[in-house]
Amino acid sequence: MWVLLRERVDRRERRKGRFTFFFLLFLVMLALYSFLHSAFFTVKGIVVQGNSYFTREEILSFADLSMGRNIFTMDTKASGAALASQPRIAHATIRKQYPDKLLVDVSERTPVAILSYGGSFLELDKSAYVLGVLGDNQPVELPLITGQSPSYVRTGAKLEQPQIADATAICGALGEDLGHQIAEVSVEDPKNIILLTLSRVEVWWGPADQLNEKAAVLSTLTGELADKAGRLLDLRAPKSPVLR
């Protein structure tokens, strides 16, 4: 009898111990849940960097980010993907800085040339991505690509025509200041791409190679070309340029 009584007491003690353990575990989990969802982890600051075309408010709107939300409930991968889906954004990363901050880092695509298509002007970046349509009131300040026209265009997609890709690569190598000195880039002959400066000097670029070398030579000669309208600058051999 004493053995049976002892076994009953032991079972009761074990049940009581298990109940106590799980009850304490529940309290710990409840406390942890309450802490993680407390104001301590409410987003109080969002830093946006790398943007110039889009405003901070536009970036936050695209990414569906706002302050006052719990940092653990925010899907930064989805927000980054939403940003990257914008044609003018090449890359976007969003990092959580615990306990209450977000860092949004974007890399924007920069237009380097324009292309006439369907009665409008398309803005292209150096990799021939279509960034959008130039507004009616926006001045045409970038080189116009001529001699090739795409059969299909989609904003945010890359144009696959090699000649157009060559032209945008050249414009990208020129840089912003020098690019604004070029009125037109003709790719009718891919073996001798021709640039026309605003001062009406024809530049024989040759094929789309030695981009940096040719751009550097053109940059050093830009001042001399200001009053050389109708002349021709041969850059096909950048180490020995010829002005005719």
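Buried residues make up 34% of the 244 residues in the protein chain, and the model discussed here is a predicted one.

Colleague: What makes a residue count as buried in that 34%?

Modeller: Buried means under 20% relative accessible area, so the residues behind the 34% are those that fall under this cut-off.

Colleague: Why are E1 and E3 called paired strands?

Modeller: Two strands pair if there are at least two bridges between them; E1 and strand E3, residues 101–108, have five bridges in the parallel sense, and they therefore meet the criterion. Within this part of the sheet, Gln49 stands opposite Asp105 in E3.

Colleague: How do you know which strands stand at the edges of the sheet?

Modeller: The sheet is open, with three strands in the order E1-E3-E2 and mixed pairing. Strand E1 (45–49) and strand E2 (89–97) each have a single partner strand, so one side of each lacks a neighbour in the sheet, and these two are the edges. On average, neighbouring strands of this sheet are turned by 15° against each other, direction ignored.

Colleague: Which strands does helix H2 touch when it packs on the sheet?

Modeller: Helix H2, residues 56–63, touches E1, E2 and E3, where contact means heavy atoms within 4.5 Å, and its direction makes about 110° with that of E1. Helix H3, residues 76–84, also packs on the sheet, touching E2 and E3, with its direction at about 160° to that of E2.

Note on methods
Residues numbered from 1 in each chain as written. Predicted model: local features only at pLDDT ≥ 70, side-chain atom pairs only at ≥ 80, totals over all residues. Heavy atoms only, no water. Helix = DSSP H or I, 4+ residues; strand = E, 2+ residues; numbered from the N terminus. Axes fitted to C-alpha atoms, helices over the stretch in contact; angles between N-to-C directions. Buried < 20%, exposed > 50% of the residue type's maximum accessible area, 1.4 Å probe, protein only.
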